[in-house]
Amino acid sequence: MAGQVKTNPFTPGDGRPLALLLAGTPQLDSKIRKAGSTFAEWSRFLSIGRLLREHAREALLKPFGCAAEEHEHGAVKRALDAAQNYSYFIQLLGELLWDANSSRIDPRALSLSLPKFRS
């Protein structure tokens, strides 16, 4: 058994499971496989993909702690369009919007946040 544990690529020598999480690199699995890495032979790639629009909207608005009606609808739509329902982009743009105006999403907050988000 000890010999099997040491040669099992999913566990280090002491038998504990090993997990590696990477985020933000589209098609990472195909790039690693194409490079011929042995890592690809014993790993399993999972992708969370993009959020549904309603979930992206909830993720963007909920941290502000106010009703959706208190945000400017056009600014929210533009923010969601910019983030493309991608969870990391929702978090990043949400933080920038919070820093610009921590009470609600409005055109002014969006105009301050989008240039930083796109850079």
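**Entry 1: the network.** I found R53, K77 and D81 linked in a network of salt bridges. I note that I am working with a predicted model. My search of the whole structure gave 3 salt bridges.

**Entry 2: R53 and D81.** I looked up this pair next. R53 forms a salt bridge with D81, and the closest N and O atoms are 2.8 Å apart. The pair links distant parts of the chain. I placed R53 in helix α4, residues 53–61. I placed D81 in helix α5, residues 73–83.

**Entry 3: D81 and K77.** I then followed D81 to its salt bridge with K77. Here the closest N and O atoms are 2.9 Å apart. Both residues sit in helix α5, 4 residues apart, so about one helical turn separates them.

Entry 4: R53 has 35% relative accessibility, so I list R53 as partly exposed. D81 comes out at 37%, also partly exposed. K77 is partly exposed too, at 42%.

**Entry 5: D106 and R104.** I turned to another pair. The side chains of D106 and R104 meet in a salt bridge, at 3.6 Å from N to O. Which of the two is buried? I found that D106 is buried, with a relative accessible area of 11%. R104 is partly exposed, with a relative accessible area of 30%.

Technical notes: Residues are numbered from 1 along each chain as its sequence is written. This is a predicted model: local features need pLDDT of at least 70, side-chain atom pairs count only at pLDDT 80 or more; totals for chains, interfaces and linings use all residues. Side-chain values use heavy atoms; hydrogens and water are left out. A salt bridge is a side-chain nitrogen of Lys or Arg within 4 Å of a carboxyl oxygen of Asp or Glu. Helices (H or I, at least four residues) and strands (E, at least two) are DSSP runs, numbered from the N terminus. Buried means under 20% relative accessible area, exposed over 50%, partly exposed in between (1.4 Å probe, protein chains only).
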